[in-house]
Structures are given as structure tokens and as C-alpha cells.
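Student: Could we go through this structure together? I would like to begin with its aromatic residues.

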Amino acid sequence: MKDPVEVGKLHEIMQHIEASLENSKTPRWFRGSGKYPVYRLEPTLLRHKEVVAATKDPLKLEQQLKARFLQTSAPFLSITPTTDFDWLFLQQHYGVPTRLLDWTENPFIALYFALSSSAKEDDACVWMLDPIKWNKLALNNAQLDRIPDPTMHQATQFLKNPGDDFSPNEPIAIFGNHTNPRITAQRGTFVMFCRSVEPMEVKAYAEECLTCFKIPAELKPAMYETLLSIGYTHSVVYPDLSGLGAEIKTSYGF
């Protein structure tokens, strides 16, 4: 993986994004992290201590989590998901570990997550991904010119049995259904892991698809203040009463 690009102002990030888009007009996705370089590009499911120790199969663990969620979630559901994908997205939304890793189409949303979650002494970072190039290399298919989504038959089959002999080994970038207002507001997208448990950044082809923008700890406060001043506040990222409450609390210095 190539070295991170150090940035301290919003326009510096945008310049790098624009330069990347000049080379290829395909979409760019983003993911913020409040602690660089500790947090790796891997889903919560793969951080379980038994998965890390290779004593538990992550796909079997996910099935156990899903079964428990299906057994116990009914009293809290206003709308019951009808597909495996929607169940998976719902679990991810409410913090049940899955093989999904959250990304966003909006770089400012990713930056908000990075800066708002970062401890004072830590550097933060924003990752940029070329999802189409990633999928071409991960699936070894140079002709693949679209991002899979839940309407594609191949994606549905892959989800039903992610560990079978016909499923890909590598993580793939996918679109999800917008099943709740937060996914829409956050322009949420996903990378779905399968048999491989390696983080994205250590893949042999990562350097061609991934860029990391590092934000030094001492530059975070000014960048965060600028981000808030142009309208990327808590209630924009979390469009509900809890988001509004957190925004009011923060704006009054609590």
C-alpha cells in the first residue's frame, strides 16, 4: 500500500479527488477513520477475537448472529425485510456485526465521521476507493463496468452461500438498498467481504484502487470547524431527533 497523503484543509482533499477523477471518471467512495493507522479496512465481523485467532469461521459466526437477530427483532420492526440483502443491511445499520464495511459516496460525510470520532491526540484519515477498478481486479474481470447491487442475480446467489466454491475470495464493492433515512443521508455504500479475511489495504492490487488522506492531530480542530461551518453537522449526517439533539448539545459547548 502506498504512503498516505497528508492534508490539513478541505480544498487539499478536493484537489486530490479532482486529480483522481481526471484520470478516470468512474465513481469514488470514501471512508473516514478517527485513528490512523490503527483501524484497518475490515468489517467488525472479522475483528472478533476468535476470528482473529482463526478458531472460528467468520461466515458461520455471521449466520449465528443473523439467526439470533431474526429470532428477536420482530417486536421492534415497523417494516419486515423481505430479502437476505435487506436483512444484512438492517443488521449493519443497528450495529450487529456483518461482513459489510461501510463507505460513502460523499467525501465530506467520510471526513465528518473521521473528525467527529477522533480522540484529541490521534491522527485521523479518509480513505478514497475506486470501486469499479477494485472490482475489476478483485474479480479478475476487466469487462466489469458496473457496481453490483441487490437486483443482480449473481449478487443474490453469492449472498445466499458466500462460502461456496463459486463465490469470489476477495471483497467486492456493492450498492445497498436505501432502507432507512440514514443510509440516504450518508450516501451509504458497502464493501462486502467473503472468504478472504485480509484487510483491503494489504491486497496486492490495493495501491491501484486506494488512497489514504492523513489528517495530523494538530490540524483536525480547524478542519472540523470548517466542515461544520459549511453545513456538515450532526443532524445532516444523522437525520433524526437524536441527531438534532446531539447537534444542539455540541453547538452550545456541552
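**Aromatic pairs, helices and cores**

Tutor: Ring pairs link Y112, F113, Y224 and Y238 into a cluster. Rings of Phe, Tyr and Trp (its six-membered ring) pair if their centres lie within 6.5 Å; planes under 30 degrees apart count as stacked, over 60 as edge-to-face and the rest as tilted. This is a predicted model, in which local features need pLDDT of at least 70 and side-chain atom pairs count only at pLDDT 80 or more, while totals for chains, interfaces and linings use all residues. Residues are numbered from 1 along each chain as its sequence is written, and side-chain values use heavy atoms, with hydrogens and water left out.

Student: How many aromatic pairs does the structure hold?

Tutor: There are nine aromatic pairs. In one of them, the ring centres of F108 and Y232 are 5.2 Å apart with the planes at 40 degrees, so this pair is tilted. F108 belongs to helix α5 (residues 107-116) and Y232 to the loop between α10 (220-229) and α11 (234-237), so the pair ties together parts that are 124 residues apart in sequence. Helices (H or I, at least four residues) and strands (E, at least two) are DSSP runs, numbered from the N terminus.

Student: Are F108 and Y232 buried or exposed?

Tutor: Both are buried, where buried means under 20% relative accessible area, exposed over 50% and partly exposed in between (1.4 Å probe, protein chains only).

Student: Changing topic, which residues of α3 are buried?

Tutor: P58, L59, L61, E62, K66 and F69 are the buried residues of α3. Down the helix axis they fall within an arc of 155 degrees, so they line one face of α3; the arc is that of the directions from the helix axis to the C-beta atoms. The face turned away from that buried side carries the exposed residues K60, R68 and Q71.

Student: And what covers the buried residues of α3?

Tutor: The covering elements include α2 (49-52) and α4 (84-93), with contact meaning heavy atoms within 4.5 Å.

Student: Which residues touch the most other members of the largest nonpolar core?

Tutor: Of its 24 residues, these are W103, L129, W134, V191, M200 and L210. A nonpolar core is a set of buried Ala, Val, Leu, Ile, Met, Phe, Trp, Tyr and Cys residues joined through side-chain atoms within 4.5 Å. A second, separate core of 21 residues includes A114, F213, M223 and Y232.

Student: Finally, which residues of α6 are buried?

Tutor: P131, I132, W134, N135 and A138 are buried in α6. Their arc around the axis is only 160 degrees, which puts them on the same side of α6.
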